[in-house]
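Visitor: I'd like a quick tour of this one. Could you put it up and take my questions as we go?

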Amino acid sequence: MSRTSIVVLVLFIAALGYLFSLGAGGTRKLQANVYQFLAPFLSSGSGIQKQITSVRSNLKSLDDLQGENNSLRVENRSLKATNQALRDVEHEVNRLRHALNYRERAVFKLVPAEVVARDPSTWWRTLTINRGKQDGIESDMPVVTDEGLVGKTTTVSANITVVLLVSDENCRVATNVEGTREQGIVTGERVAGQSPLLNLNFLSKQANLQPGQKAYTSGVGGVFPPGLLIGNVKDFRARELDGQAQLVPAVDLTKLEDVFVVVGRK
Amino acid sequence: MIFFLVLMVLVFVAQIAEFFIPPLDWMSNAHVYITPVLVFYGAMALPPPLLLVLVFWAGFLLDAVTAQIIGSHVEISFGSSILLYAILAGIMHGLRPLFARGRWEVHCIMSGICTSALLLGQYLMLSFRRGSIFFSREVWWQIGGPGLLAMIMAPLVFWALQWLARATAYPYLPRRGLV
């Protein structure tokens with residue numbers, strides 16, 4: 001073995017030893033710095049990907065366009081009729097909203113963010129969003145859409161953040177089920193197929209949840225505020241010691257483009 | 001040296017590209033990995049000191065984008081991918097005499113096997129940390145699928161890198177190459 005090889009090998013082992021000795025804090029800092037370095041590349045890549053997707057979706061055949069035109073005409077007539085009805089509803093909603101002082105009841109302060117990259121690995125389900133410390137984001141903040149819970153922030157750099165999805169096995173959310181006193185913990189599956197499901201564990205054996213029942217965050221644990229929709233019950237099974245339900249996530253986690261980070265209360 | 005630097009840049013670009021390659025739903029959501037194919041080519045083409053640097057770079061990037069910090073602990077220590085890459089690249093490096101004779105198929109087959117081994121290693125480590133292990137059909141697809149894809153990609157990558165090696169006058173080349 002040459003002297004160069006030995007020197008490089010010693011340096012390699014030393015650097016590896018140093019990395020292995022890093023704790024959670026050190027790893028988080030190192031990871032945040034690497035993500036900060038990668039941020040411009042990820043943003044550019046995301047832009048290129050969107051352009052490619054846009055070009056691909058715009059390439060349609062004449063038959064497709066004719067069919068789309070016909071269906072749009074029908075939809076247009078239907079929408080005109082609906083629009084008139086909605087004007088009345090809008091008026092009523094505005095009145096009720098004013099009465100309930102809705103804006104003051106909306107307790108969350110939200111930071112909108114765009115998804116720039118997703119799932120770079122096989123075993124962990126994550127997203128990368130284009131907001132970070134500069135926008136007031138920190139680790140362990142809930143991430144939502146108007147449809148429900150998406151996950152929580154993990155690694156945060158200056159202007160990029162990694163979000164651990166609710167469909168990951170490591171993301172645990174204290175949950176209660178509507179119309180029942182049942183409480184449990186939602187986790188993702190370690191290996192998911194095409195459409196990920198969530199497991200709601202530690203229910204009572206007698207829970208007997210019905211398909212379609214909604215599961216919300218209970219607020220226990222402090223990371224997720226209560227009342228965020230997680231998903232709908234798909235099925236329930238009583239096990240030897242407890243009950244387990246499978247949930248269909250409220251948010252389609254495979255097609256996310258825009259999310260909100262809950263940075264606090266108003 | 002120029003070829004080595006090109007390889008380092010390619011590893012970086014491949015790692016970024018993997019963010020934007022969607023998993024294949026017809027293959028139980030198996031991911032497409034380009035970086036291991038590049039690293040395992042490097043394992044056969046580079047001398048040991050440069051190979052160690054390449055392995056460190058690739059493993060560092062992989063850990064940086066995948067390491068999960070759960071509460072106050074790191075699920076799989078930062079550096080574990082470097083170690084996995086080093087072991088697998090070391091095995092590939094042992095096949096260097098075959099590569100030197102221009103046997104490109106060794107790289108292709110071993111790239112696939114080693115890519116799957118890398119994923120299997122990660123899966124075993126995270127299963128150990130999470131305290132349970134199972135092997136379902138999806139697990140096997142997500143371990144084996146990327147390996148199969150790597151095997152398919154490998155001849156093209158091999159050919160492109162051979163071309164690059166010649167273009168940059170890299171002195172260590174197989175006696176009977178594809179280009």
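Visitor: How many bridges pair strand β7 of chain A with strand β8 of chain A?
Guide: This is a predicted model, where local features need pLDDT of at least 70 and side-chain atom pairs count only at pLDDT 80 or more, while totals for chains, interfaces and linings use all residues. Residues are numbered from 1 along each chain as its sequence is written, with chains lettered from A and ligands numbered from 1 in the order in which they are written. Strands are DSSP runs of E, at least two residues, and helices are runs of H or I, at least four residues, numbered from the N terminus; two strands pair if DSSP finds at least two bridges between them. In chain A, β7 (residues 183–188) and β8 (residues 198–203) run antiparallel, and the number of bridges is four.

Visitor: In what order do the six strands with β7 and β8 close into a barrel?
Guide: The pairing in this chain A barrel is antiparallel, and the order is β6-β7-β8-β11-β10-β9. From one strand to the next, the twist averages (axes being lines fitted to C-alpha atoms, angles running from 0 to 180 degrees between N-to-C directions) 40°.

Visitor: And what is the average twist in the barrel with β1 and β12?
Guide: There, six strands of chain A close up antiparallel as β1-β2-β5-β4-β3-β12. From strand to strand, the twist averages 45°.

Visitor: Which residue in β4(A) is the bridge partner of Val144(A)?
Guide: β3 (residues 142–145) and β4 (residues 148–156) of chain A run antiparallel, joined by four bridges. Val144(A) has as its partner in β4(A) Leu149(A).

Visitor: Which element gives the largest share of the side of chain A that touches chain B?
Guide: Counting residues in contact if their C-beta atoms, placed from the backbone, lie within 7 Å, chain A brings 36 residues and chain B 39. On the chain A side, α1 (3–20), α2 (24–58) and β4 each supply at least two residues. The largest share, eleven residues, comes from α2(A).

Visitor: How do α1(A) and α3(B) lie to each other, roughly parallel or roughly perpendicular?
Guide: α1(A) packs on α3 (residues 48–66) of chain B with axes 8 Å apart, at an angle of about 20°. Angles under 35 degrees count as roughly parallel, over 145 as roughly antiparallel, 65 to 115 as roughly perpendicular and the rest as oblique. So α1(A) and α3(B) are roughly parallel.

Definitions and conventions. Two residues are in contact if their C-beta atoms, placed from the backbone, lie within 7 Å.
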